[in-house]
Amino acid sequence: MMFLLQPIAKHAKAISNTFIQASIPKKVAITALLSGVSAIIQSAGGLIPAVGLFISPFATAPIILMMILTVRYGFVGYFLTIFLLFFIQPSEVIVFPFTTGLLGIGIGLSFHILNSRLSIILAGAGALFAGILILMLGLRFPVLGPSVYLGAGLRTFLFIALFSFLYSWIWVELSIFLLKRLRR
């Protein structure tokens, strides 16, 4: 359990410092490329119904990477992905900003602000949890399916919280693994 408290932000800082030294056209090109990849992956959920549900969660990876590179270009990439989804798969415009994209923003931003695995996991889980609640309560959108709604009580609320934590944990571990690979 101690590995959750180990500092891990050094990998993100090394990648970010390399990107900051790049020229502006290179930054814009990388941001546009990653946004396009994220939009295409996210739209797979609507284009290929059965297989797409397993592919679309990977749209989080480019958002995390953009946020780790720089916060400014990360937000630009996030909004560019939303804009691209309007053209590629409009039905995903509701889901992406509050789930996949918001998780990427939360994890990527927390790599700059926080230092331990646990704090980064909790930040990502909090972002995803808030996004799911906004979709379910505020917009009345059945993001987890028609059978899951918050009117069911505390059990559904706890299920969403646990799901958000585990999903964020998986993405933080995957991000750390990829950052170590990119750093080499």
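Trainee: What pLDDT does the chain average?

Mentor: This is a predicted model, and pLDDT is the predictor's confidence in each residue, on a scale from 0 to 100. Of the residues, 83% score at least 70, and the average pLDDT over the chain is 84.

Trainee: What percentage of the contacts between residues at least 6 apart in sequence join residues at least 24 apart?

Mentor: A contact here needs heavy atoms within 4.5 Å. Among contacts in the chain between residues at least 6 apart in sequence, the share that joins residues at least 24 apart is 73%.

Trainee: Is S35 buried or exposed, and which residues does it contact beyond its neighbours within four places in sequence?

Mentor: S35 is found in helix α2, and because its relative accessibility is 0%, it counts as buried. Leaving aside neighbours within four places in sequence, the residues in contact with S35 are M66, G77, L80, T81 and L84.

Trainee: How many residues of α4 are buried?

Mentor: Helix α4 is mostly covered. Those that count as buried are T60, P62, I63, I64, M66, M67, I68 and L69, which gives 8 of its 10 residues.

Trainee: Which element gives the most residues to the lining of the second largest pocket?

Mentor: The second largest pocket holds about 170 Å³ of space, and of the 15 residues that line it, the closest to its centre are A61, P62, I64, L65 and L178. The elements that give two or more residues to this lining are α2 (24-47), α4 (60-69) and α9 (154-183). The element that gives the most, with 6 residues, is α9.

Trainee: How many nonpolar, polar and charged residues does that lining have?

Mentor: Sorted by class, the lining of the second largest pocket has no charged residues and 1 polar residue. The nonpolar residues in the lining number 14.

Trainee: Which residues does S164 touch, not counting those up to four places away in sequence?

Mentor: S164 lies in helix α9 and counts as buried, because its relative accessibility is 0%. The C-alpha atoms of S164 and L122 are 9.0 Å apart in space, although the two residues are 42 residues apart in sequence. Not counting residues up to four places away in sequence, S164 touches A125, L128, F129 and I132.

Trainee: What distance separates the C-alpha atoms of I160 and A130?

Mentor: I160 also lies in helix α9, and because its relative accessible area is 0%, it is buried. I160 and A130 are 30 residues apart along the chain, and their C-alpha atoms are separated by 9.9 Å.

Note on methods: Residues are numbered from 1 along each chain as its sequence is written. This is a predicted model: local features need pLDDT of at least 70, side-chain atom pairs count only at pLDDT 80 or more; totals for chains, interfaces and linings use all residues. Side-chain values use heavy atoms; hydrogens and water are left out. On a 1 Å grid over the protein atoms alone, a cavity is a set of points where a 1.4 Å probe fits but cannot get out, and a pocket is an open set with protein on both sides within 12 Å along at least five of seven lines; lining residues have an atom within 4 Å of a point. Grid points are joined across faces, edges and corners, and a volume is the space filled by probe spheres set on the points. Helices (H or I, at least four residues) and strands (E, at least two) are DSSP runs, numbered from the N terminus. Ala, Val, Leu, Ile, Met, Phe, Trp, Tyr, Cys and Pro count as nonpolar, Asp, Glu, Lys and Arg as charged, and the others, Gly among them, as polar. Buried means under 20% relative accessible area, exposed over 50%, partly exposed in between (1.4 Å probe, protein chains only).
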